Amino acid sequence: MNSRSDVVARMRGALVGSVSGAVSIAAHGIGGGGMPPSESAVVLLIAVCAAVGAMVSAIRVSSHRTAFVVAVLAAGQVAGHASLAVATHHSHGLQLSASMIAAHVVATIVAAGLIRSAERACLIALAALSRIVLIVLAPRPVDTGTWTATPVYRAKLALWLLVNATAGTRAPPALI
């Protein structure tokens, strides 16, 4: 797997775990769950939803992602509802009322759509970020130019010697 799909899988797991917990509490309250859950019930719910999120982030899905998200959200909510029912000792036990089931179904469908939208937005943001990083961190072109030797000082004596050397004094002195 590439790093983008790993990031999306981690984000999907985090969202499924947190949404499962939030929807479990909300649907439990809306559907007539009675008193708010105790601290121990909330701690158990957080542990269960964290485990659900970790399992979802470990699973790589290549096709039917929406159906997968709906299924794991439903499983997470069932696990969340079961942990709330067990930890708070509600009078209804594990039975669900019609309004509680309706709240869970509606929340599952809406949350699955939002999670899939967040996955697509994450991919778009990662693509844009990688392009920006490539532009910002691209090596700058080095202007080397062409190097030519330009003398700063020109010795006049050396030039005079060279000019006179060509006329030459190599022969014996001329007799006049």
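Predicted model: local features only at pLDDT ≥ 70, side-chain atom pairs only at ≥ 80, totals over all residues.
Helices here are DSSP runs of H or I with at least four residues, strands are E runs of at least two, and both are numbered from the N terminus. By that count, Ile30 belongs to helix α1, residues 3-30. Numbering starts from 1 along each chain as its sequence is written, and side-chain values use heavy atoms, with hydrogens and water left out.

Overall, the chain has five helices and zero strands, which gives the pattern α-α-α-α-α along the sequence. Of the 176 residues, 29% are buried, where buried stands for under 20% relative accessible area, exposed for over 50%, and partly exposed for anything in between (1.4 Å probe, protein chains only). As for contacts (heavy atoms within 4.5 Å), take those with a separation of 6 or more: 85% of them join residues 24 or more positions apart.

Now for the inside. A nonpolar core is a set of buried Ala, Val, Leu, Ile, Met, Phe, Trp, Tyr and Cys residues joined through side-chain atoms within 4.5 Å. The largest one has 14 residues, and the members touching the most others are Val16, Val56, Phe68, Val69 and Leu73. Two or more residues each come from α1, α2 (39-58), α3 (65-88) and α4. A second, separate core has five residues, among them Ala41, Leu45, Leu84 and Ala87.

Beyond neighbours within four places in sequence, Ile30 still contacts Ser99 and Ala103. Its C-alpha lies 9.7 Å from that of His104, 74 residues away in sequence.

Leu137 sits in the loop between α4 (98-136) and α5 (156-167) and counts as exposed because its relative accessibility is 65%. Together with Leu129, Ile132, Val133 and Val136, Leu137 makes a nonpolar surface patch with about 490 Å² of accessible area. Patch members have over 30% relative accessible area and no salt bridge; like charges are joined within 9 Å, nonpolar side chains (Val, Leu, Ile, Met, Phe, Trp, Tyr) within 5 Å. A salt bridge puts a side-chain nitrogen of Lys or Arg within 4 Å of a carboxyl oxygen of Asp or Glu.

Technical notes
Areas by Shrake-Rupley, 256 points an atom, 1.4 Å probe, with all protein chains shown as cover.
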